[in-house]
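Dear colleague,

Please find the structure below, handed over for your study. I would ask you to keep it open while you read the notes that come after it.

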Amino acid sequence: GECVHTLEGHGGCVESVAFSPDGTRLVSASKDCKVKVWDVETGKAVRTLNGHSDYVRSANFSPCGKMIVTASDDRKAKL
């Protein structure tokens, strides 16, 4: 396979990436303290989530796909 999209937009290393349950979105966590939601078809960021004060190590969708959970070096997990 060929690369379908290169997702660019984080200001730091990307720590994790996960698909939404329906496969239409991706969520990425980064050392820039941000979480981004991406459209799989276009490869474009559709939302940026701020709120952590340190590296975001992981992000994932809930099983229903309506929420995102994040974990950060700021010692907080957020929904």
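First, some remarks on conventions. The model is predicted, so to speak of local features a pLDDT of at least 70 is needed, side-chain atom pairs count only at pLDDT 80 or more, and totals for chains, interfaces and linings use all residues. Residues are numbered from 1 along each chain as its sequence is written, and side-chain values use heavy atoms, with hydrogens and water left out.

Overall form

The protein chain contains zero helices and seven strands. Here helices (H or I, at least four residues) and strands (E, at least two) are DSSP runs, numbered from the N terminus. Read from that end, the elements follow the pattern β-β-β-β-β-β-β. The radius of gyration of the protein chain is 12 Å, which agrees with the value near 12 Å for a compact globule of 79 residues. This radius is taken over C-alpha atoms, and the globule rule is 2.2 Å times the number of residues to the power 0.38. Along the principal axes, the C-alpha atoms fill a box of roughly 35 × 30 × 20 Å. Of the 79 residues, 32% are buried. Buried means under 20% relative accessible area, exposed over 50%, and partly exposed in between (1.4 Å probe, protein chains only).

The four-stranded sheet

Four strands make an open sheet in the order S1-S2-S3-S4, with antiparallel pairing. Two strands pair if DSSP finds at least two bridges between them. At the edges are strand S1 (14-19) and S4, each of which pairs on one side only. From one strand to the next, the twist averages 20°. Such angles run from 0 to 180 degrees between N-to-C directions, and the axes are lines fitted to C-alpha atoms, for helices over the stretch in contact. S1 and strand S2 (residues 25-30) are joined in the antiparallel sense over five bridges, and alanine 18 stands opposite valine 27 in S2. The loop between S2 and S3 holds cysteine 33. The phi of cysteine 33 is near 75°, a positive value in a residue other than glycine.

The three-stranded sheet

Another open sheet has three strands in the order S5-S6-S7, again with antiparallel pairing. Strand S5 (56-61) and strand S7 (77-78) are at the edges with a single partner strand each, so one side of each has no neighbour in the sheet. S5 and S6 pair over five bridges. Within this pair, serine 58 stands opposite alanine 71, and valine 56 faces serine 72. The hairpin of S5 and S6 has six residues between the strands, and glycine 65 there takes a positive phi near 85°.

S6 and S7 pair over two bridges, with threonine 70 opposite lysine 78 in S7. They form a hairpin with four residues between them, and arginine 75 in the turn has a positive phi of about 70°. Is arginine 75 buried or exposed? Arginine 75 counts as exposed because its relative accessibility is 80%.

The largest pocket

How much space lies in the largest pocket? The answer is about 320 Å³. On a 1 Å grid over the protein atoms alone, a pocket is an open set of points where a 1.4 Å probe fits, with protein on both sides within 12 Å along at least five of seven lines; lining residues have an atom within 4 Å of a point. Grid points are joined across faces, edges and corners, and a volume is the space filled by probe spheres set on the points.

The lining has 17 residues, and those nearest the centre are Arg47, Leu49, Met67, Ile68 and Leu79. Strand S3 (35-39), strand S4 (45-49) and strand S6 (68-72) each supply at least two lining residues. S4 gives the largest share, three residues. By class, the lining has nine nonpolar, four polar and four charged residues. Ala, Val, Leu, Ile, Met, Phe, Trp, Tyr, Cys and Pro count as nonpolar, Asp, Glu, Lys and Arg as charged, and the others, Gly among them, as polar.

With kind regards
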